[in-house]
Amino acid sequence: MADGQEAALQVKGLSKSFGDGANRVQVLSEVDLTLARGAFDAVMGPSGSGKSTLLHLLAGLVAADDGDIRVGGVSISTMNDHDVTCFRRRRIGLVFQDFNLIPTLTAEENIALPLLLDRQRPDAAHIDALLARFGLTQRRSHIPSKLSGGERQRVAIARALVMKPDIVLADEPTGNLDSPAGRAFCELLREMNDEVGCTILMVSHDPVVAAAAKRVHLLKDGRFVDTFETGHDAARVSDRYLETMRP
Ligand SMILES: Nc1ncnc2c1ncn2[C@@H]1O[C@H](COP(=O)(O)OP(=O)(O)OP(=O)(O)O)[C@@H](O)[C@H]1O
Ligand SMILES: [Mg+2]
């Protein structure tokens, strides 16, 4: 980049297929994507277009057939399993639809988990600040089954941010929430992006959710076919999506 700062995410020529022979499905074909630090982008596409596969590749959870993925300037494509696991824990924040919280751990312990797995001693002030920021101070000792859906989601975001990652990857993060909680969650992501400057790549098929991002990429037939600024306008996102996806 011009100022010598590495992009938060740089993807070049990323391809992925599943299956063999007649069952082979080419999910992604030579996909390129760059997110500068502080970006908040969304990927939209129909069901089965490869959105989750893309995020799994970017998180190093699944190996690509071809292409290069750089997170904060570091290529994860050639890392072995152990190195990519450590790298992911330290530098990538993940928020999945079902949150993946550990049911036997409290809210506070779930948030601190990435630090413990990395054999770091959690800084109490840092954890307290995250709990307060996400309105969870009074809920810190509750296990996930005693939390509301919105609270569980906030625990999941706080956990994704605890390591101060280069990028947060979120897959249909509002998929399990009713709409007011979904909207509140989108607001929270926007605040994280505005205030803390964290870089976010989110996947969603919902134009209202995607409009929380600053920019949207449309995925069709394994490629990005359109990229545009949202203006945080859900109607604009919806119109553009329908126009581009028309057969
Ligand atoms: N492990 C796998 N083995 C075989 N095929 C797979 C595997 N994972 C995904 N696929 C196929 O890859 C394609 C893309 O799946 P993916 O889950 O990435 O879609 P998506 O865009 O996230 O869809 P949705 O909006 O429904 O979540 C689908 O056709 C799916 O069947
Ligand atoms: Mg998916």
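An oxygen atom of ligand 1 sits 3.0 Å from a polar backbone atom of Gly-50, a polar contact, meaning a pair of N or O atoms within 3.5 Å. This is a predicted model, where local features need pLDDT of at least 70, side-chain atom pairs count only at pLDDT 80 or more, and totals for chains, interfaces and linings use all residues. Residues are numbered from 1 along each chain as written, chains are lettered from A and ligands numbered from 1 in the order written, and side-chain values use heavy atoms, without hydrogens and water.

For Ser-47, an N or O atom of the side chain is 2.5 Å from an oxygen atom of ligand 1; for Ser-52, the corresponding distance is 2.9 Å. The residues around the ligand, with a heavy atom within 4 Å of it, include Phe-18, Val-27, Lys-51 and Thr-53.

Now the helices, which are DSSP runs of H or I, at least four residues, numbered from the N terminus. H5 (residues 149–161) and H6 (residues 179–196) cross at roughly 20°, and their axes come within 11 Å. Axes are lines fitted to C-alpha atoms over the stretch in contact, and angles run from 0 to 180 degrees between N-to-C directions. H5 and H6 are therefore roughly parallel, the word for angles under 35 degrees. Gln-153, Arg-154, Ile-157 and Leu-161 of H5 meet Phe-185, Leu-188, Leu-189 and Met-192 of H6, contact being heavy atoms within 4.5 Å.

H3 (residues 107–117) packs on H4 (residues 124–133) at about 130°, with the axes 11 Å apart. H3 and H4 are therefore oblique, the class left after roughly parallel, over 145 degrees (roughly antiparallel) and 65 to 115 (roughly perpendicular).

Technical notes
Helix = DSSP H or I, 4+ residues; strand = E, 2+ residues; numbered from the N terminus. Polar contact = N/O pair within 3.5 Å; in protein donor to acceptor, adjacent residues only side chain to side chain.
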